[in-house]
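Subject: Handover of a structure and notes on it

Dear colleague,

Please find below the structure that I am handing over to you. My notes on it follow directly after.

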Amino acid sequence: MKGILYMVEAVLAGIILIAFLAALKAVYLDPNPQHEYGVRAHQILRDLDERGILRPYAEDNNYAGLNNLISSTYLEHGIRICDSSWSCAGTVPNATDVWAGTYIIAGNDSFSPRTVKLYLWRSS
Amino acid sequence: VEVVMKAQFFLLGAILLASLFFVGIPLSGTLVKTSSSDLTYLSGNIADEFARALNFGLAEGAPVYDMLDFVRFLDAATQENYANFTAFWFVTEPQGSGINVYAGNYMETDVNAAFKIGGETNILLISHDSNNTANFAGVPEQFAMNVSYAGHSGEFNLTRDKVNLYVSFWLVRGDSVTRKEVSI
């Protein structure tokens, strides 16, 4: 009887320990919780704009060139650029969980509005 | 028997403490969450781009039409992000010793906008997705203009001999509402 009780205790302790570690990982160790990926994508685009890189690429609809400037160790990424007539360069990724950040520009050297979307998704 | 009871007591205590830990996680969520709404970032981005749109328009000699085009573009761009965009703006341009006021409405309804400088008031009826113009003659170099539209009002201290822009815009998604004002 005592042995069974010890076994139940051990099982419960194991469950508690695993749950604790899982919670710790999810809450404290994940640098980019999933709901923040969209914001992170926007920040990456803003950073590229502040460094003077984004607008020339956007003006030329060079989504591939812009995408090559982004590096991510554990997320796949893709760029889509749309102009004011909603003619778009680049494609929406075919993945299950995709986060997107949007950056809007009025133009580069002249009025020529674009939306630049950065898609982030987990590597399969 | 006493030893077994103690063990059970500690076991129950451990479960209770573990439960409190999990219950407490949402309360301590602010430790890692910053602003989770992308509307905040998007509205900041849009506010910055209004100044560029105006400057591009001025360089091309079409500030008013570029502003209207840009606002239409913003509406479509924000719809793609599941947000509803509305805006009201005006641009003042020097016209001799007076000014022209170009006011634009993208509030999804027609708006009566009143512009008052000194004792002179111009009231413009502006349809949604369009703009209208008022002229003021004999304006001082530094002047205050009272503006009221759609239940909003404000006083703006402006310089006659420069182009001034004011924009107020809203982004709405569900219960989340972000309003920003741009004044340059």
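The lining of the second largest pocket divides into seven nonpolar, four polar and three charged residues. The pocket holds about 240 Å³ of space. Of the 14 residues that line this pocket, Arg40(A), Ile44(A), Ile70(A), Ser71(A) and Ser72(A) are the closest to its centre. Helix α2(A) gives the most to this lining, with four residues.

Please note that the model is a predicted one. Its scores are ipTM 0.73 and pTM 0.74.

The two chains

Chain A contains four helices and four strands, and from the N terminus on its elements run α-α-α-α-β-β-β-β. Of its 124 residues, 40% are buried. Among contacts in chain A with a separation of 6 or more, 60% are accounted for by residues 24 or more positions apart. The accessible surface of chain A comes to about 6,900 Å², and carbon and sulfur atoms account for 55% of that area.

Chain B contains three helices and nine strands, in the pattern α-α-α-β-β-β-β-β-β-β-β-β along the sequence. Here buried residues make up 41% of the 184 residues. Residues 24 or more positions apart account for 51% of the contacts in chain B with a separation of 6 or more. Chain B exposes about 9,400 Å², with 55% supplied by carbon and sulfur atoms.

Confidence in the prediction

In chain A the average pLDDT is 84, and 89% of the residues score at least 70.

The cavity

How many cavities of 30 Å³ or more are there? The count comes to one. The largest cavity has a volume of about 50 Å³. Its lining consists of Gly38(A), His42(A), Ala100(A), Gly101(A) and Thr102(A), together with Asp38(B), Tyr41(B) and Leu42(B). At least two lining residues each come from α2 (37-50) of chain A, β3 (98-107) of chain A and α2 (38-60) of chain B. By class, three of the lining residues are nonpolar, four are polar and one is charged.

Two residues of the cavity lining, Gly101(A) and Thr102(A), are also among those touched by Lys117(A). Lys117(A) belongs to strand β4 (residues 111-122) of chain A. Is Lys117(A) buried or exposed? Lys117(A) counts as buried because its relative accessible area is 10%, which is under the 20% cut-off. Leaving aside residues up to four places away in sequence, Lys117(A) also touches Leu45(A), Gly78(A), Ile79(A) and Arg80(A) in chain A, and Glu80(B) and Asn81(B) in chain B.

Individual residues in chain B

Two residues deserve a mention for their backbone angles. Tyr82(B), which is not a glycine, has a positive phi, near 60 degrees. Tyr82(B) lies in the loop between α3 (63-79) and β1 (84-95) of chain B. With a relative accessibility of 69%, Tyr82(B) counts as exposed, since the cut-off for that class is over 50%. Glu108(B) also has a positive phi without being a glycine, in this case about 65 degrees. The loop that holds Glu108(B) runs between β2 (98-106) and β3 (111-117) of chain B. Glu108(B) counts as partly exposed because its relative accessibility is 48%, and that class covers values between 20% and 50%.

Ser130(B) is located in strand β5 (residues 130-136) of chain B. Apart from residues up to four places away in sequence, Ser130(B) touches Leu68(B), Ala103(B), Gly104(B) and Asn105(B). Ser130(B) and Thr86(B) are separated by 44 residues in sequence, and their C-alpha atoms are 13 Å apart in space.

With kind regards

Conventions: Residues numbered from 1 in each chain as written. Chains lettered and ligands numbered in written order. Predicted model: local features only at pLDDT ≥ 70, side-chain atom pairs only at ≥ 80, totals over all residues. Heavy atoms only, no water. Buried < 20%, exposed > 50% of the residue type's maximum accessible area, 1.4 Å probe, protein only. Contact = heavy atoms within 4.5 Å. Areas by Shrake-Rupley, 256 points an atom, 1.4 Å probe, with all protein chains shown as cover. 1 Å grid on protein atoms, 1.4 Å probe; cavity = no way out; pocket = protein on both sides within 12 Å on 5 of 7 lines; lining within 4 Å. Points joined across faces, edges and corners; volume = space filled by probe spheres on them. Nonpolar A, V, L, I, M, F, W, Y, C, P; charged D, E, K, R; others polar. pLDDT = per-residue confidence, 0-100.
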